[in-house]
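Hi everyone, thanks for coming.

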Amino acid sequence: MRAVVFERFGEPAGVREVADPHPAEHGVVVRVEATGLCRSDWHGWQGHDPGIALPHVPGHELAGVVEAAGARVTRWRPGDRVTVPFVCACGGCASCAAGDQQVCERQTQPGFTHWGSFAQYVALDHADVNLVAVPGELPSATAASLGCRFATAYRAVVQQGRAAAGEWVAVHGCGGVGLSAVMIAAACGARVIAVDVSPRALELARGFGAVEAVDASAVPDPAAAVRELSGGGAHLSLDALGSPATCAASVDGLRRRGRHVQVGLLPSADGTAPVPMARVIALELEILGSHGMAAHAYPELLRLVAAGTVRPDLLVTSVIGLAAAPDALAAMGSAPGAGVTVIDPWR
Ligand SMILES: NC(=O)c1ccc[n+]([C@@H]2O[C@H](COP(=O)([O-])OP(=O)(O)OC[C@H]3O[C@@H](n4cnc5c(N)ncnc54)[C@H](O)[C@@H]3O)[C@@H](O)[C@H]2O)c1
Ligand SMILES: [Zn+2]
Ligand SMILES: [Zn+2]
């Protein structure tokens with residue numbers, strides 16, 4: 001098969017012929033029809049993820065068709081259209097037993113713990129626990145975002161963030177995750193303040209339901225702008241980029257007893273960022289993390305997609321072939337694009 005491969009962190013990736021994957025006894029191989037380019041792929045390529053072994057094939061946000069299933073797989077067969085949460089759970093640990101597959105103790109992640117979906121085929125573990133059926137009418141380019149960013153945003157806004165109608169929700173960083181969060185929070189009836197440094201991203205955010213937009217490159221203090229626009233601070237705020245600045249601005253923009261959800265990965269191997277803890281104490285703020293979403297939580301999201309209440313299809317701003325993927329991955333370091341870029345490995 002053809003795949004995007006990198007040999008060293010931060011050095012240009014290339015497209016190569018590599019061996020086809022084989023399914024584990026409990027796993028499947030999926031023929032990849034669409035795979036999104038997520039900033040987490042860029043973090044992996046930069047060497048921010050200690051679990052990646054070289055050479056490596058990135059890609060974790062995918063949709064496709066089951067090509068082959070291992071002997072112990074009972075729920076899936078070749079021909080089934082599927083997506084998969086990028087956190088593939090083991091199904092057997094204490095977290096899985098508690099229903100928290102998104103933080104499974106023995107998780108695997110395509111594109112991180114093993115070769116991923118910037119390829120024509122990808123192997124996925126514990127298929128009975130992890131695969132999610134894609135309804136016939138949902139195109140693969142749209143369904144791919146359910147494997148990572150749209151589902152992650154849903155969990156961050158609805159499950160971890162508990163967004164409620166009438167609340168002010170600030171979203172710092174309006175790329176794939178952030179625009180998904182804007183759309184989902186607006187669908188919850190929240191009043192969304194989009195924060196980004198890209199005018200195009202802010203324009204998209206307004207189109208997806210943000211009532212206010214803050215250009216963080218044009219104001220001295222984006223958190224102060226959020227507090228002013230929301231009459232005292234957001235009830236819920238997300239760092240959907242992942243940087244020390246956006247993390248701190250998200251916490252600083254909250255009102256009393258507000259909730260901060262960290263979604264963006266920090267650009268360092270130890271993933272740390274300074275948090276204004278005096279404010280967390282004095283205002284009784286909540287600091288939460290959000291990590292993908294368990295497969296069993298997908299039906300409620302898929303119902304919203306089927307009803308047209310949320311429109312992940314509108315996030316896809318470009319579809320490219322494998323050959324263009326290495327440059328697109330590298331470009332994330334300098335000039336963030338707007339919306340979601342999807343790779344079709346068969347183009
Ligand atoms: N927690 C999870 O489970 C999970 C899942 C998916 C992605 N992520 C992470 O979420 C983050 C976002 O991923 P993405 O694919 O949406 O990224 P992206 O590159 O598509 O979007 C990032 C956005 O941030 C904006 N930005 C840059 N500097 C800014 C600033 N100073 N203030 C405000 N906005 C700024 C960019 O213009 C861009 O619109 C990444 O760190 C990614 O690794 C985490
Ligand atoms: Zn991702
Ligand atoms: Zn587990």
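By buried I mean under 20% relative accessible area, with exposed being over 50% and partly exposed in between, using a 1.4 Å probe and protein chains only. The side chains of these two, Arg 259 and Glu 167, meet in a salt bridge, 2.8 Å from N to O. They link distant parts of the chain: Arg 259 sits in strand 12 (residues 254–262) and Glu 167 in the loop between helix 5 and strand 8, 92 residues apart. For salt bridges, the rule is a side-chain nitrogen of Lys or Arg within 4 Å of a carboxyl oxygen of Asp or Glu. Helices (H or I, at least four residues) and strands (E, at least two) are DSSP runs, numbered from the N terminus.

Before I go on, some housekeeping. This is a predicted model, where local features need pLDDT of at least 70 and side-chain atom pairs count only at pLDDT 80 or more, while totals for chains, interfaces and linings use all residues. Residues are numbered from 1 along each chain as its sequence is written, chains are lettered from A and ligands numbered from 1 in the order in which they are written, and side-chain values use heavy atoms, with hydrogens and water left out.

Back to the charges. How many salt bridges does the structure hold? There are 10 salt bridges. Another of them pairs Arg 162 with Glu 286, with the closest N and O atoms 2.9 Å apart. Arg 162 is in the loop between helix 5 and strand 8, and Glu 286 is in strand 13 (residues 286–289), so this pair ties together parts that are 124 residues apart in sequence. Arg 162 counts as partly exposed because its relative accessibility is 41%, and Glu 286 is partly exposed at 29%. Then there's Arg 16 with Glu 7, where the closest N and O atoms are 2.3 Å apart. Arg 16 is partly exposed, at 35% relative accessibility, and Glu 7 is partly exposed at 44%.

Now, the metals. Which residues coordinate the zinc ion that's ligand 3? They are Cys 90, Cys 93, Cys 96 and Cys 104, each through SG, at 2.3 to 2.4 Å. Donors here are N, O and S atoms within 2.8 Å of the metal (3.2 Å for Na, K and Ca), and water is not among the atoms, so sites may look incomplete. The spacing along the chain for this ion, ligand 3, is C-x2-C-x2-C-x7-C. Why is the arrangement tetrahedral? Because the 4 donor atoms around ligand 3 subtend angles of 101 to 116°, and four donors count as tetrahedral if all angles lie between 85 and 135 degrees. Cys 96 and Cys 104 are both buried.

The zinc ion that's ligand 2 has Cys 38 (SG), His 60 (NE2) and Cys 148 (SG) as its protein donors, 2.0 to 2.3 Å away. His 60 lies in the loop between helix 1 (39–46) and strand 4 (62–69), and Cys 148 in the loop between helix 4 (140–143) and helix 5, so the pair ties together parts that are 88 residues apart in sequence. Both His 60 and Cys 148 are buried.

Stepping back, the protein is divided into domain 1 (2–148 + 293–344) and domain 2 (152–289), with bounds that come from an automatic or database domain assignment. Their centres, taken over C-alpha atoms, are 25 Å apart. As for contact, meaning heavy atoms within 4.5 Å, 21 residues of domain 1 meet 20 residues of domain 2.

Last topic: the inside. A nonpolar core is a set of buried Ala, Val, Leu, Ile, Met, Phe, Trp, Tyr and Cys residues joined through side-chain atoms within 4.5 Å. The largest one has 51 residues, and those with the most contacts inside it include Phe 150, Val 171 and Leu 301. Helix 6 gives the largest share of this core, 7 residues, and the core draws at least three residues from each of domain 1 and domain 2. Phe 150, not counting residues up to four places away in sequence, touches several residues, among them Ser 145, Met 183, Leu 301 and Pro 312. A second, separate core of 23 residues includes Phe 6, Val 29, Tyr 121 and Leu 322.

Conventions
Four donors count as tetrahedral if all angles lie between 85 and 135 degrees; four count as square planar and six as octahedral if opposite donors are over 155 degrees apart and all others between 65 and 115; anything else is irregular.
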